[in-house]
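Subject: Structure for you to look at

Hello,

Here is the structure I promised to pass on. Please open it alongside the notes that follow.

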Amino acid sequence: MPLTDLVRHLNARNAAGEGFRMQAPFVATPGGDVQLHFAGLCVESLFLPVIATRHGRTHGHAASLRVSGLTSGQPVAAEAVFLLPGNDAEFIQLDRLVRTLHALNYLTQRIRGNLLLNVHPRHVLSVSDDHGLAFEEILRPCGLLPTEITLEIDLAGMSSETHVQRDWQAHLIRAVGNYRSRGYGIALRGIGHDRSDLPLLRALAPQIIRLDPPLLASGLPLGRLVAPLRNLDVRLLIDGAGLAEHAGASHWGDIDLVQAAALNKPFPAVAGDARNNGFGRYLQRSAA
């Protein structure tokens, strides 16, 4: 289906749903991408490459938001978008609209692979069952399958949403089971450094765990951070900020995926066993 027809179809679908009353939130631009116009804001997709360290090839992309005022063009913090919903129905709708925006824009990427999308913790807790079904019905007209999507969930964010639902761990386990049964991959972030969450991690059985900046800033050596996770049969992901923080680490062979920091700055030199692998060669090409 042509992009303009997809936009028209998804706008019609949104108008018939619950939540915010938006007749045409998706706007196809002359440049060939799609924007989300909502509450006086212009929301756009950014995609950061995720590189497999073993061979230096693109595993896929992690989606993030760029937000600006619709009339002023002034930048707005991406997090501000999720302060706008006034109830669960509006929040579910907005979170799903953002992921739909990314799916539409990913169709035009020259090198695609797997798409890593955030699912807001409040969305996970607010949906009672059949997690992932509505998004799957959105993906199919776009020519995308759940098997091409990895959904990333923030465990720290889940625990902070306990005012919504107290038994959040049991709910999360059911939700992840629903997602996985439909073919979605699962990624987790926001894990603690004391490993008290290992039983939950085993129950969730994610394909990817992100070692995000708060964890990497704990002061523990990289080897101690990753050692307990290696028994989970999981791929470990680190982003550009973590790469700079632990550039001299001797356990780079334990890191499977690296999220590039927009590729507009040289990567730091990587020491030890990663220097001569595929990722080391990728870093040299990127910094050249």
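The chain exposes about 13200 Å². Carbon and sulfur atoms supply 51% of that area. Of the 288 residues, 50% count as buried.

Please keep in mind that this is a predicted model. The average pLDDT for the chain is 82. A score of at least 70 is reached by 81% of the residues. Residues 262–288 are the stretch to treat separately: pLDDT stays under 50 there. The model has 52 contacts beyond four places in sequence for that stretch.

The chain holds 11 helices and 11 strands. Among contacts with a separation of 6 or more, 63% are between residues 24 or more positions apart.

Now the charged side chains. The whole structure has 13 salt bridges. Here are some of them.

- Asp 5 and Arg 8 pair at 2.8 Å, N to O. They sit 3 residues apart in helix α1 (residues 3–15), so about one helical turn separates them. Asp 5 is partly exposed, at 30% relative accessible area. Arg 8 is exposed, at 54%.
- Glu 152 and Arg 189 pair at 3.8 Å, N to O. This pair links distant parts of the chain, 37 residues apart: Glu 152 is in strand β7 (residues 149–154) and Arg 189 in strand β8 (residues 185–189). Glu 152 counts as buried, at 3% relative accessibility. Arg 189 is partly exposed, at 21%.
- Arg 230 and Asp 256 have their closest N and O atoms 3.0 Å apart. Arg 230 is partly exposed, at 31%. Asp 256 counts as buried because its relative accessibility is 19%, under the 20% cut-off.
- Asp 130, Glu 136, Arg 140 and Arg 182 are linked in a network of salt bridges.

A polar atom of the Glu 90 side chain does lie 2.6 Å from the backbone nitrogen of Gly 86.

Two backbone points to finish. Ala 205 is not a glycine, but has a positive phi of about 45 degrees. Ala 205 lies in the loop between α7 (198–204) and β9 (208–211). Asp 233 is not a glycine either, and has a positive phi of about 55 degrees. Asp 233 is in the loop between α9 (222–226) and β10 (235–239). Ala 205 is partly exposed, at 38%, whereas Asp 233 counts as exposed, at 72%.

Best wishes

How values were computed: Residues are numbered from 1 along each chain as its sequence is written. This is a predicted model: local features need pLDDT of at least 70, side-chain atom pairs count only at pLDDT 80 or more; totals for chains, interfaces and linings use all residues. Side-chain values use heavy atoms; hydrogens and water are left out. pLDDT is the predictor's confidence in each residue, from 0 to 100. Contact means heavy atoms within 4.5 Å. Helices (H or I, at least four residues) and strands (E, at least two) are DSSP runs, numbered from the N terminus. Buried means under 20% relative accessible area, exposed over 50%, partly exposed in between (1.4 Å probe, protein chains only). Accessible areas come from the Shrake-Rupley method with a 1.4 Å probe; for residues, only the protein chains shown count as cover. A polar contact is a pair of N or O atoms within 3.5 Å; within protein, one must be able to donate a hydrogen and the other to accept it, and residues adjacent in sequence count only if both atoms are side-chain atoms. A salt bridge is a side-chain nitrogen of Lys or Arg within 4 Å of a carboxyl oxygen of Asp or Glu.
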